[in-house]
Amino acid sequence: MTLFRSLALAAAAFTLSLPSLAQPTFAKPEDAVNYRQGALKKMKSHFDRLGAMASGRAPFDSKVAVENAEEFVAQARLPWAGFVPGTEKLSNKARPEIWTEQVKFKDSSEKLQAEAAKLLVAAKTNNLDNLKAAFGSTAASCKACHDAFRN
Ligand code: ASC
């Protein structure tokens with residue numbers, strides 16, 4: 001096998017292992033900002049519901065935890081498509097590093113999605129300690145990205 005061919009196969013395997021992301025159409029830059037903010041706000045709503053249980057502010061209910069983790073996973077796929085060039089000039093909390101450090105930003109978004117998947121697995125174990133641990137590492141992933149890329 002040639003080097004080129006093995007590299008091409010490795011690249012194809014890597015691409016296939018990533019979650020496929022729909023590229024929506026945005027009529028204007030504001031639509032892209034609304035799209036990503038909408039997904040991030042829904043993530044917050046579902047994450048807060050999980051956090052209430054993880055911290056003991058709400059009684060632990062495995063069914064509620066799974067439902068909210070499922071919505072968190074679904075929404076966590078979405079915001080990234082809204083970070084399109086041209087939106088950095090609009091007034092919002094997105095830092096220019098999102099576009100100047102695209103590899104790092106993409107890594108952060110994939111880390112978050114991996115943590116979200118683990119959070120759902122933890123919720124399905126019906127064990128509050130598992131939920132607490134997975135909630136903590138997901139929150140750390142949220143924070144790392146906010147610290148680097150959000151004003
Ligand atoms: C939350 C929330 C976030 C993250 C982040 C973690 O509950 O709304 O954005 O956790 O604050 O540090």
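**A buried valine and the ligand site**

Val66 is buried, as its relative accessible area is 16% (buried means under 20%, exposed over 50% and partly exposed in between, with a 1.4 Å probe and protein chains only). The model is a predicted one, in which local features need pLDDT of at least 70 and side-chain atom pairs count only at pLDDT 80 or more, while totals for chains, interfaces and linings use all residues. Residues are numbered from 1 along each chain as its sequence is written, and side-chain values use heavy atoms, with hydrogens and water left out.

Val66 has its place in helix H3, residues 62-76. Helices here are DSSP runs of H or I with at least four residues, strands are runs of E with at least two, and both are numbered from the N terminus. Stepping back to the whole chain, there are six helices and zero strands, so the pattern along the sequence reads α-α-α-α-α-α. Of the 151 residues in the chain, 33% are buried.

What lies 60 residues from Val66 in sequence but 8.8 Å away in space, C-alpha to C-alpha? That residue is Asn126, which is found in the loop between helix H5 (102-124) and H6. Asn126 is not a glycine, yet it has a positive phi of about 60°.

Now for the ligand. Around it are Lys44, Phe47, Asp48, Ala139, Cys142, Lys143 and His146, where a residue counts as near if one of its heavy atoms lies within 4 Å. The protein covers 66% of the 310 Å² of accessible area that the ligand has on its own (areas come from the Shrake-Rupley method with a 1.4 Å probe).

Which elements give two or more residues to the shell around the ligand? They are helix H2 (29-55) and helix H6 (128-149), and H6 provides the largest share, four residues. By type, the shell divides into three nonpolar, one polar and three charged residues. Nonpolar takes in Ala, Val, Leu, Ile, Met, Phe, Trp, Tyr, Cys and Pro, charged takes in Asp, Glu, Lys and Arg, and the others, Gly among them, are polar.
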